[in-house]
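Colleague: I'd like to learn how to read a sheet and the helices around it. Could you walk me through one?

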Amino acid sequence: KPVIALVGRPNVGKSTVFNRLTKSRDAIVADFAGLTRDRHYGTGKQGRHEYIVIDTGGFEPTAESGIYMEMAKQTRQAVAEADVVIFVVDARAGVSAQDYDIANYLRKLGKPTVLAANKAEGMTDGVKLTEFYELGLGDVHGMSAAHGQGIRDLVDLALEPLNLPEPQEEDEEADSGVIKLAVAGRPNVGKSTLINTWLGEERVVAFDQPGTTRDAISIPFERGGQRFELIDTAGLRRKGKVFEAIEKFSVVKTLQAIESANVVLLLLDATQGVTDQDAHIAGFILDSGRAVVVAINKWDAIDAYQREMVKRSIETRLAFLKFADMHPISAIKRQGLGPVWTSIAAAHRSAMVKMSTPVLTRLLLEAVQFQQPQRSGMYRPKLRYAHQGGMNPPIIVVHGNSLEHVTDAYKRFLEGRFRKEFKLTGTPLRIEMKTSK
Ligand code: GDP
């Protein structure tokens with residue numbers, strides 16, 4: 001998926017722009033206990049195009065020392081990895097010296113750049129906007145994030161230079177028979193070690209030529225007759241017999257890999273417990289709707305007491321991944337790897353499950369018979385039938401009347417019934433309510 005980086009000096013309204021661009025999907029995901037969202041990375045969708053947005057925070061392209069330099073470095077890395085840059089300026093404040101600095105930097109970078117003049121609500125004369133042409137970045141797009149004006153056009157402008165192919169229908173994707181698998185985790189949890197252990201096993205046949213997709217390198221392999229495509233998060237290259245990570249950890253690559261996978265293996269380090277960064281990555285996975293299996297690596301390196309502590313920290317900090325199977329493993333000692341494969345297969349099957357309308361409707365009506373939805377004032381929701389609205393994650397669309405009054409508790413009750421019937425594990429399940437007019 002294409003990556004859009006938002007840059008601009010502080011106070012131009014970048015985070016409001018960010019919220020507008022990423023709203024579309026966040027809204028679907030309810031807030032769960034323990035879910036940590038990283039407000040610098042998000043995903044959004046316009047039409048059939050999905051994209052990733054990075055908010056670079058306060059961007060100081062020329063910072064030369066201390067923590068600011070570290071931040072600037074991170075920011076430059078994010079911008080370098082992006083496909084397109086949206087440079088946000090303040091239409092009311094006009095051009096500032098810092099805007100020139102950033103513009104110079106962006107011009108040297110030579111990346112497609114959209115110049116967005118924010119806070120331009122009610123500025124119909126456009127006089128103020130023309131001065132931004134001085135930045136030498138071409139057209140100025142007037143917009144107002146706070147008022148929701150010019151957002152669609154902004155996304156169109158950003159995606160236009162990328163010439164994206166029309167995305168495939170989900171059904172076409174699902175039929176390929178290949179499980180796209182991403183191994184996600186922060187640096188040093190043992191991703192490369194695990195991948196090399198896998199690819200070195202006799203039961204796994206890795207194909208020599210890594211296929212290249214636009215977003216990431218992928219390594220095809222086969223195990224037990226099932227074909228997989230390992231989507232790389234770390235810039236793995238074959239070096240002799242082993243694969244070596246040649247790039248540093250990259251949030252952008254991790255996000256892209258998660259987005260293009262069917263199943264994500266979230267790798268944790270048992271010696272560290274669940275860190276903030278782990279929780280952020282877990283949050284990305286939940287937002288993506290992908291199926292997920294959790295493996296707690298380096299289990300060999302900790303004692304019984306520490307193991308108990310790790311289990312507890314997972315229960316509290318990753319409570320929102322309750323639907324996922326979790327396995328202690330040791331990538332180095334090759335322990336516990338079998339059950340991980342079993343869970344990956346189960347998660348994939350669950351994510352791709354096909355649920356027919358008659359069966360869904362029967363289950364729905366049985367559930368209603370077992371427990372009626374609550375009346376809300378003068379309204380009693382009437383659930384009539386259900387159909388499948390998507391896969392990976394599976395979506396069940398319930399049709400009826402007054403469905404806006406169905407409580408979250410009741411949706412969870414329905415979710416539980418459907419999960420049980422279809423033996424779903426390792427995938428989120430979304431229930432959407434559609435009231436007939
Ligand atoms: P990556 O950054 O996630 O790819 O992590 P690496 O695969 O480079 O591993 C980081 C460090 O953890 C290395 O020193 C590995 O030897 C070590 N490591 C990886 N897996 C295990 C394991 O199962 N047990 C122990 N004790 N150490 C491990």
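Modeller: Happy to! The protein chain has 13 helices and 19 strands, where helices (H or I, at least four residues) and strands (E, at least two) are DSSP runs, numbered from the N terminus. This is a predicted model: local features need pLDDT of at least 70 and side-chain atom pairs count only at pLDDT 80 or more, while totals for chains, interfaces and linings use all residues. Residues are numbered from 1 along each chain as its sequence is written.

Colleague: In what order do the 6 strands of the open sheet lie?

Modeller: Two strands pair if DSSP finds at least two bridges between them. Here the order is β2-β3-β1-β4-β5-β6, with mixed pairing. Since β2 (41-46) and β6 (140-142) each have a single partner strand, they stand at the edges, so one side of each lacks a neighbour in the sheet. From one strand to the next, the twist averages 30°; angles run from 0 to 180 degrees between N-to-C directions, and axes are lines fitted to C-alpha atoms, for helices over the stretch in contact.

Colleague: How many bridges join β5 to β6?

Modeller: There are 3, and β5 (residues 113-118) runs parallel to β6. Ala116 stands opposite His141 in β6.

Colleague: Which strands does helix α3 touch?

Modeller: Contact means that C-beta atoms, placed from the backbone, lie within 7 Å. Helix α3 (residues 97-109) packs on the sheet against β1 (3-7), β4 (84-90) and β5, and its direction makes about 165° with that of β4. Helix α5 (residues 151-159) lies across β1, β2, β3 (49-55), β4, β5 and β6, at about 165° to β5.

Technical notes: Two residues are in contact if their C-beta atoms, placed from the backbone, lie within 7 Å.
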